[in-house]
Amino acid sequence: MVKRTRAAHRLISEGAEAKLYGARLFGIDAVLKHRARKEYRIAELDERLRLQRTRSEARMLYAASSAGANVPAVLFLGNDKIVMERIDGRMMSAITAGGWSMRTMRGSLRRLGAQLAILHNAGIAHGDFTPANILLGGSGKVYVIDFGLAETTGSAEDKAIDIILMKRSIPARAYAEFVRAYRAEYAQSGSVLARVSEIERRGRYQARTLLSA
């Protein structure tokens, strides 16, 4: 089915690891994520990596959905491709690029914090939790996309990285709204936020050391 409809696929975006195409599957609007062959890698290694990463991403999407997070549903899984439900909405990064309005974004930021709490409660660290991977759907619903770097973990540091990536991507007032909701929904938020502060202190110390060298 996927191969027969390849001619109708429209490139949506292209990253270092994969390309995204618009597609239809079983009459459903969908997105196809394809991890293309990397010519610089040994063929057997390349095939194994693409298979592992594709299956891992599908597992993470399923685990996140089962935990109650708003993520695209997986419709089809191949060795190097995933076909997912297409969600109508706007990328958070596109909205923030035009300037922030706390009046219009406050509700979305709170829902975003709650979504990250759901993931962390399920033992999932997203790995690339930035506005580029957040989709704002209808009625203010917030979706988390692109689980290519996600992993199952109990590490407070791995979860803290999710917080730091978002913190560095949005204004301070927006971060305060986001983290307030996260703290309210995640019982172990204290240890994660303490690790955020530790990582930031570590970074400032390393920066000062480099400057004084």
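Modeller: Gladly! This is a predicted model. Let's begin with D146, which has a relative accessible area of 33% and is partly exposed.

Biologist: Why is D146 called partly exposed?

Modeller: Buried means under 20% and exposed means over 50%. The value for D146 is 33%, so D146 falls in between and counts as partly exposed. You will find D146 in the loop between strand 9 and strand 10 (151-152). Its phi is positive, about 60°, although D146 is not a glycine.

Biologist: And what makes F26 exposed?

Modeller: Its relative accessibility is 58%, and the cut-off for exposed is over 50%, so F26 counts as exposed. F26 sits in the loop between strand 2 and strand 3. Here too is a residue that is not a glycine and has a positive phi, about 55° for F26.

Biologist: How do you know that strand 1 and strand 2 pair?

Modeller: Pairing needs at least two bridges. Four bridges join strand 1 to strand 2 (residues 19-25), so they count as a pair, and they run antiparallel. For example, E14 has K19 in strand 2 as its bridge partner.

Biologist: What makes strand 1 (10-14) and strand 4 (74-77) edge strands?

Modeller: The open sheet has five strands in the order 1-2-3-5-4, with antiparallel pairing. Strand 1 and strand 4 each pair on one side only. From one strand to the next, the twist averages 30°. Helix 1 (residues 43-67) packs on the sheet, touching strand 3 (28-34), strand 4 and strand 5 (81-85).

Biologist: How do you know that the span of helix 5 (residues 172-185) is close to the expected one?

Modeller: Helix 5 has 14 residues and reaches 20 Å from its first C-alpha to its last, close to the 20 Å expected at 1.5 Å a residue. Several of its residues are buried, including Y175, F178 and Y182.

Biologist: Which residues touch the most other members of the largest nonpolar core?

Modeller: Among the 40 residues of that core, they are I134, F147, I163 and F178. Helix 3 (102-121) gives the largest share, seven residues. I163 touches, among others, L116, Y175, F178 and Y182, leaving aside residues up to four places away in sequence. There is also a second, separate core of five residues, including L25, A30, L32 and V83.

Definitions and conventions:
Residues numbered from 1 in each chain as written. Predicted model: local features only at pLDDT ≥ 70, side-chain atom pairs only at ≥ 80, totals over all residues. Heavy atoms only, no water. Helix = DSSP H or I, 4+ residues; strand = E, 2+ residues; numbered from the N terminus. Axes fitted to C-alpha atoms, helices over the stretch in contact; angles between N-to-C directions. Contact = heavy atoms within 4.5 Å. Expected span 1.5 Å × (residues − 1). Buried < 20%, exposed > 50% of the residue type's maximum accessible area, 1.4 Å probe, protein only. Core = buried A, V, L, I, M, F, W, Y, C linked by side-chain atoms within 4.5 Å.
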